[in-house]
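Here are my notes on the model. Please read them alongside the coordinates.

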Protein chains: 2
Amino acid sequence: MKLITRNTDYALRAICYIAKSKKKVVSVNELVASLKMPRPFLRKILQRLNREGILRSLKGANGGFALHTTAEKIFLTDLIGIFQGALKLNECFFKRKICPNKSKCNLKKIISGIEADVFKKLKKVSIRSLLD
Amino acid sequence: MKLITRNTDYALRAICYIAKSKKKVVSVNELVASLKMPRPFLRKILQRLNREGILRSLKGANGGFALHTTAEKIFLTDLIGIFQGALKLNECFFKRKICPNKSKCNLKKIISGIEADVFKKLKKVSIRSLLD
DNA sequence: GACAAATGATACTATTGTAGTATCATTATA
DNA sequence: TATAATGATACTACAATAGTATCATTTGTC
Ligand code: FES
Ligand code: FES
């Protein structure tokens, strides 16, 4: 079971790199050279981050990607939300229908509690806090 | 992201059913009729649980499955371990090699903490505690 | 002993989610 | 206008999950 998939992880590294960079705007070329990630995959990820408002992009020569906001305001939960969908540890499988048990199910209560807890912790993790 | 996959979930329900049943030994027929799960899939799961020492099986007419131990001694983490492998939320993707950063990586520390916490909570959940 | 009712073992298929590629269009700078 | 960048989109590859199908073996009952 993975809490963080590869695209989230790559996104994280790329954003951290950009945040640490002297230059505001960083090209995919530079990112690929430094982070050793597959270029087309990384491009897809960065384009997505641009669409989602985490990064902003500049086209044309000398173009690249920059933070749209600051490292303090980007959270791990944002990235997980984008690339992995809402965190849902919890889902009743009972015949794939809405479960008649839902309200009294013990398991659901337990898992929901864990989920809330995990989310609370992840929500505190900003890019800034990962930069050392 | 799923904390509990379908085979773990089915295993859980089946074990609970057997634990609640008046009869010690319950046949797949009865389980399928009551729990409405796909029969061959459930069989595969039960056979696995037998091999893993959670259930014991009785072959031949009037055969079926019974708990190998008591409901107090079977934990959610056992089932997750069997069907989903060791819980590892955490794994550095850096070029798939062992990461040189491992010791100082902030992200790793955070995720490891969360993992330990989740595991601690799941470890407390016995089948008994799910029976109402 | 024959038959029926059960599980054991094993190999196969289907679906989904993740990971990654390929290509062409568009934009900005020099 | 050539070039260096991103935008958009469609496609392929791989792995994990979910499920099926079949035949062999064991056991109780008539
Ligand atoms: S059995 Fe449906 S939510 Fe638990
Ligand atoms: S970067 Fe390798 S463990 Fe975090």
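1. A:Lys36 is partly exposed, at 47% relative accessible area. Partly exposed lies between buried, under 20%, and exposed, over 50% (1.4 Å probe, protein chains only). The phi of A:Lys36 is near 55°, positive although the residue is not glycine. A:Lys36 sits in the loop between α2 (28-35) and α3 (39-51) of chain A. Helices here are DSSP runs of H or I with at least four residues, numbered from the N terminus.

2. This is a predicted model: local features need pLDDT of at least 70, side-chain atom pairs count only at pLDDT 80 or more, and totals for chains, interfaces and linings use all residues. Residues are numbered from 1 along each chain as its sequence is written, chains are lettered from A in the order written, and side-chain values use heavy atoms, without hydrogens and water.

3. B:Lys36 also has a phi near 55°. Its loop runs between α2 (28-35) and α3 (39-51) of chain B. B:Lys36 is partly exposed, at 48%.

4. Chain A gives 35 residues to the contact and chain B gives 34 (heavy atoms within 4.5 Å). Together the chains bury about 3,400 Å², 64% of it on carbon and sulfur atoms. Buried area is the accessible area (1.4 Å probe) lost on putting the two parts together, summed over both.

5. The interface holds 2 salt bridges (side-chain nitrogen of Lys or Arg within 4 Å of a carboxyl oxygen of Asp or Glu). One joins A:Asp117 to B:Lys121, at 3.1 Å from N to O. On the side of chain A that touches chain B, α5(A) gives the most, with 9 residues.

Definitions and conventions
Helix = DSSP H or I, 4+ residues; strand = E, 2+ residues; numbered from the N terminus.
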